[in-house]
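Student: I would like to learn how to read a structural model feature by feature, with the criteria behind each term stated as we go. Could you take me through one?

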Amino acid sequence: VALVDSQGRAQHPLALRSLPRRRAADAGEHVRFGALLQLRGDAAGYLPVAIAAPRALGDGAVVYALVPARRLLGAAASLKVLPGSLVTLFTRTGQRLLRQLVADDVLQANGKPAPGWVLARAGAASAGTFASVSTVDGRPTLYAFSTAAALPLVVTAGVPESVLRREWLARATAPFLVLAAGLAGIGVFARRLRGAIGEQRAYLTTQEFLASHDPLTGLPNRYAFLEHVERLIRRSADGRGFVLMLLDVNRFKDVNDTLGHAAGDAVLQALGERLVQLSGTDGVYVGRLGGDELALCVTSLDAADEPAVAAFCNTLHGVLGAPL
């Protein structure tokens, strides 16, 4: 019997000691594997394999082969497993043939047999996943396994949960930052939108106020005052009347001409404030018709009650007659 490596070079007979022996009890097992070995002058690891020969070679004939270990694990490179992962190869009977530490690219020969429950899973399905504690470092690890169709082999790829978690965090950080930036942008946009809506509401409120009020004194303007009077006329069907008073300021033009329009505006504002205080009385509605023209509508008085009207006029003169 002669053994040759992958280059066709003859090997030392000592390599024969690593060949798996076939016994009569192994008649139903067509392939057997031996322990991982290194040949003379060759750093690569080889896995001895014994294969039942065709009957044409005689009963009990065996064909031996040396399979480069890395060729068996060549598919692991295509898996692109994460650093810190490990790939293990064992037979369906549980014999652990070799294990590759992906990060260090190190092959570990042989090892403890595969657990029975892992073999049961591999026997029930051609591929699957499971979680277990690694026998290498004791860390919780997620495994995926697959069985070979042509050979009685099972390969597992294990990734520690801590490695998966670290990788997930590394890959999720950038999307998270993008999401956080997007949420922050939405928050800024929402605040600006609320501010714009608030400004728009304030603007509309101001416009509504200016549409019915005098901007200088804050009193109802001509439009609002006349509308108020028209409403009272429509309601006066019961025969009850009201008193309407028109006021203007004597020599107001002189104030503007001598002291300036700012002084004239201050006079109107002061008179407006006094009339607003007077309008706190029930039934008094005050408005500015324009210029120095002011008006009062008093519903608590009846024009026929002349003494009451005269008393109210005296009160009004007293309020407006105080020095400015």
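**Reading the model, feature by feature**

Tutor: Of the 324 residues in the protein chain, buried residues make up 30%, where buried means under 20% relative accessible area, exposed over 50% and partly exposed in between, with a 1.4 Å probe and protein chains only. This is a predicted model, in which local features need pLDDT of at least 70 and side-chain atom pairs count only at pLDDT 80 or more, while totals for chains, interfaces and linings use all residues. Residues are numbered from 1 along each chain as its sequence is written, and side-chain values use heavy atoms, with hydrogens and water left out.

Student: How many helices and strands does the protein chain have?

Tutor: The protein chain contains eight helices and 13 strands; both are DSSP runs numbered from the N terminus, helices being H or I with at least four residues and strands being E with at least two. As for contacts, which are heavy atoms within 4.5 Å, residues 24 or more positions apart account for 44% of those in the chain with a separation of 6 or more.

Student: How should I read a sheet, and in what order do the six strands come?

Tutor: Strands of a sheet pair through backbone hydrogen bonds, either parallel or antiparallel. Two strands count as paired here if DSSP finds at least two bridges between them. The six strands form an open sheet, with antiparallel pairing, in the order β7-β6-β5-β10-β9-β8, and its edge strands, each pairing on one side only, are β7 (106–109) and β8 (127–133). On average, neighbouring strands of this sheet are turned by 20 degrees against each other, direction ignored. The antiparallel strands β8 and β9 (residues 140–147) are joined by seven bridges, and Gly128 has Phe145 in β9 as its bridge partner.

Student: Which strands does helix α3 lie across?

Tutor: Axes are lines fitted to C-alpha atoms, for helices over the stretch in contact, and angles run from 0 to 180 degrees between N-to-C directions. Helix α3 (residues 116–124) lies across β5 (86–91), β8, β9 and β10 (153–160), and runs at about 165 degrees to β8. Helix α4 lies across β9 and β10, at about 55 degrees to β10.

Student: Which are the edge strands of the sheet of three strands?

Tutor: That open sheet has the order β11-β13-β12 with antiparallel pairing, and its edge strands, pairing on one side only, are β11 (243–247) and β12. Its twist averages 20 degrees from one strand to the next. Five bridges join β11 to the antiparallel strand β13 (residues 293–298), and Leu246 has Ala295 in β13 as its bridge partner. Helix α7 (residues 261–278) packs on the sheet, touching β12 and β13, with its direction at about 0 degrees to that of β13. Helix α8 (residues 306–321) also packs on the sheet, where it touches β11, β12 and β13, and its direction makes about 30 degrees with that of β11.
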